[in-house]
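Trainee: Could you take a close look at the salt bridges in this model and walk me through them one by one?

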Amino acid sequence: MVDEVDELIRMLKDEALSSGVRLGILIALYYIDGYVTFADLQRDLDIPKSSLHQHLSMLQENGLVEFKRGITPLGVRTVVKITDKGKTVIKKYLELVKRLK
């Protein structure tokens, strides 16, 4: 169990995962497993647009999410999706947390 705790701490020291908001975004996107609009994320997180953009930019720089302009039923919107790398990181995180029980 000590190894799992050490590995979890190492993961959370990573700049991209050191924020609870960014970690929450990744976990949500992992379970959604598709595109979600920037506006929906912003509304659900209840944070300013500028803050969400900063968090998403950090995640994108680390290859964990991608975001782009996409066509939705409501028109052109910015959409966000977790990458394969992001899925791998979150899957590992969730497995480590599960083993701690």
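Mentor: What follows goes through the salt bridges pair by pair, with the position and exposure of their residues.

This is a predicted model, in which local features need pLDDT of at least 70 and side-chain atom pairs count only at pLDDT 80 or more, while totals for chains, interfaces and linings use all residues. Residues are numbered from 1 along each chain as its sequence is written, and side-chain values use heavy atoms, with hydrogens and water left out.

Taking a salt bridge as a side-chain nitrogen of Lys or Arg within 4 Å of a carboxyl oxygen of Asp or Glu, the count comes to four. One of them joins E7 to K92, with the closest N and O atoms 2.7 Å apart. Because E7 lies in helix α1 (residues 2-13) and K92 in helix α5 (residues 84-99), this pair ties together parts that are 85 residues apart in sequence; helices here are DSSP runs of H or I with at least four residues, strands are E runs of at least two, and both are numbered from the N terminus.

With buried meaning under 20% relative accessible area, exposed over 50% and partly exposed in between (1.4 Å probe, protein chains only), E7 is partly exposed at 24%, and K92 is partly exposed at 38%.

Another salt bridge pairs K87 with D33, at 2.7 Å from N to O. K87 sits in helix α5 and D33 in the loop between α2 (20-32) and β1 (36-37), 54 residues apart. K87 is partly exposed at 23% relative accessibility, as is D33 at 45%.

Finally, D44 and R43 form a salt bridge whose closest N and O atoms are 3.4 Å apart, and both residues are exposed. D40, R43 and D44 are linked in a network of salt bridges.
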